[in-house]
Amino acid sequence: MQDDCGAASATTTEQYKMKIPHVLTVAGSDSGAGAGIQADLKACAARGVYCSTVITAVTAQNTAGVQGVNIVPEDFVAAQLKSVLSDMQVDVVKTGMLPSTDLVKVLLQSLSEFPVRALVVDPVMVSTSGDVLAGPSTITGLRENLLPMADIVTPNVKEASALLGGMQVVTVADMCSAAKLLHNLGPRTVLVKGGDLPDSSDAVDIFFDGEDFHELRSSRVNTRNTHGTGCTLASCIAAELAKGSPMLSAVKVAKCFVETALDYSKDIVIGSGPQGPFDHLLRLKSTSRQSHRAEAFNPSDLFLYAVTDSGMNKKWGRSITDAVKAALEGGATIIQLREKDADTRGFLEAAKACLQICCVHGVPLLINDRIDIALACDADGVHLGQSDMPARSARALLGPDKIIGVSCKTPEEAHQAWIDGANYIGCGGVYRTNTKANNLTVGLDGLKTVCLASKLPVVAIGGIGISNASDVMKIGVSNLKGVAVVSALFDRECILPESKKLHAVLMDAVQRVK
Ligand SMILES: Nc1ncnc2c1ncn2[C@@H]1O[C@H](COP(=O)(O)OP(=O)(O)O)[C@@H](O)[C@H]1O
Ligand SMILES: Cc1ncc(COP(=O)(O)O)c(N)n1
Ligand SMILES: [Mg+2]
């Protein structure tokens with residue numbers, strides 16, 4: 001990754017005209033098309049990535065379970081691997097059902113001949129229906145040969161237990177211990193998935209990178225249609241890695257995608273068995289026009305909200321894309337482009353380039369004020385001030401799925417924003433700021449008043465930085481979701497370390513509030 005300090009670089013949209021990202025899945029076919037190869041193809045398609053397929057076994061399977069398994073001979077799996085890997089510029093390999101240890105060896109031999117950027121190992125052993133897909137003999141191959149080569153391994157709780165010789169994995173604490181023990185077997189990172197964790201109202205996964213644990217928590221969607229969640233999650237991780245995402249971002253995007261897909265599909269009925277498939281191509285159901293982002297607005301995206309400033313980038317001699325990249329690499333969770341003095345054509349070009357970068361990080365991009373620019377580049381939404389177009393008119397133009405934020409100083413403005421269909425409120429200036437001339441300061445009290453008066457999530461803005469961000473978060477109202485900053489990131493020589501520091505301060509503050 002490049003450093004954001006020093007000389008300005010000529011980043012252009014040209015640089016992002018990459019070859020299409022490519023995932024190869026090495027897995028079993030599911031005739032019911034809920035899991036396996038078929039889930040992988042749909043997941044990659046939904047995430048905008050090319051997917052090729054090496055089939056290791058053909059299963060006769062439906063929503064009731066697995067009725068038969070026909071294993072593809074090893075030499076023919078080898079032939080498929082060679083055909084694809086020797087010709088098609090694969091970025092990431094994702095494995096699913098690998099029904100024998102010899103097959104693991106065939107795969108590793110192929111990967112030594114044709115190396116790829118990353119290997120995602122989903123150690124599929126038992127289907128959700130309880131049918132065995134890879135016998136105990138495969139466990140040795142997985143443990144000893146495949147795991148040491150993996151960039152991430154993604155067992156569910158039963159698979160984690162099986163890989164660790166039957167260790168009990170039934171609580172989140174067990175999942176953490178299992179993640180650590182699995183990491184000792186050699187993979188670079190581990191994700192223990194808790195979809196099947198007993199007595200859990202949330203879907204909790206544990207990510208461990210050898211140093212830090214991350215508890216990834218989403219609400220549990222109440223549905224029978226969970227067949228193929230594991231395959232889909234691993235394929236989405238592979239897809240995001242192929243696009244260039246760092247591992248933790250890839251995992252977060254993948255988890256969010258699975259949750260959204262389950263939610264969209266919770267009521268569909270396919271088959272009469274207990275475990276139905278879900279709809280990966282959510283857009284099939286969506287009435288809105290296509291968007292590059294499948295996820296709905298998530299208020300926690302407001303956590304570290306970076307607002308760009310063309311003047312500051314000029315002052316420090318850097319391109320807007322480099323500034324945005326550095327903020328994202330430091331942990332920014334949403335970006336707003338606020339280019340007050342850019343001409344329309346320049347602004348649109350910059351927005352398109354920034355959108356590609358934000359996509360890689362799975363972070364939404366909003367445009368300040370300019371609904372035309374947001375529409376032209378298919379940004380994730382807009383942020384509107386009190387003298388910009390009213391949120392109600394913007395909603396009519398942008399449709400139901402785009403994010404709309406409104407700057408509010410008073411409960412009355414906040415109420416109007418809610419009626420008009422805004423998704424969040426930006427409240428400030430909390431402190432005095434040089435970024436906005438003659439801006440009325442509302443203080444922490446004003447911020448609290450607006451938060452308490454509104455149902456909408458709120459991001460605080462105005463004069464916030466490393467020194468006072470934790471005071472802001474500590475006002476302790478549940479709909480205050482984060483802080484928005486301009487100068488604290490962009491009026492600095494090096495954006496990335498400032499962004500990291502601010503992220504750490506915010507994390508620390510919210511831990512304390514909990
Ligand atoms: N009902 C659900 N609601 C929300 N997320 C779920 C649900 N079931 C599973 N998940 C998520 O789907 C992913 C796959 O997990 P899991 O079902 O445990 O794996 P597997 O399909 O391999 O058994 C995980 O991120 C998990 O948290
Ligand atoms: C061919 C194949 N591969 C993987 C799974 C696991 O999927 P799940 O755990 O969601 O049933 C499956 N059922 N079939
Ligand atoms: Mg599952």
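Strands here are DSSP E runs of at least two residues, and helices are H or I runs of at least four, numbered from the N terminus; two strands pair if DSSP finds at least two bridges between them. I note that this is a predicted model, in which local features need pLDDT of at least 70, side-chain atom pairs count only at pLDDT 80 or more, and totals for chains, interfaces and linings use all residues. Residues are numbered from 1 along each chain as its sequence is written, chains are lettered from A and ligands numbered from 1 in the order written, and side-chain values use heavy atoms, without hydrogens and water.

I found that valine 190 has phenylalanine 208 of S8 as its bridge partner. S8 also pairs with strand S9 (residues 213-219), antiparallel, over seven bridges; there alanine 203 partners serine 218.

I checked burial next (buried: under 20% relative accessible area, 1.4 Å probe, protein chains only). Six of the seven residues of S8 (residues 202-208) are buried, so S8 is largely enclosed by the rest of the structure.

A side-chain N or O atom of lysine 193 is 2.8 Å from a ligand 1 oxygen. A backbone N or O atom of valine 221 lies 2.8 Å from a ligand 1 nitrogen. For threonine 229, I read 3.0 Å between a polar side-chain atom and an oxygen of ligand 1.

Note on methods: Buried means under 20% relative accessible area, exposed over 50%, partly exposed in between (1.4 Å probe, protein chains only). A polar contact is a pair of N or O atoms within 3.5 Å; within protein, one must be able to donate a hydrogen and the other to accept it, and residues adjacent in sequence count only if both atoms are side-chain atoms.
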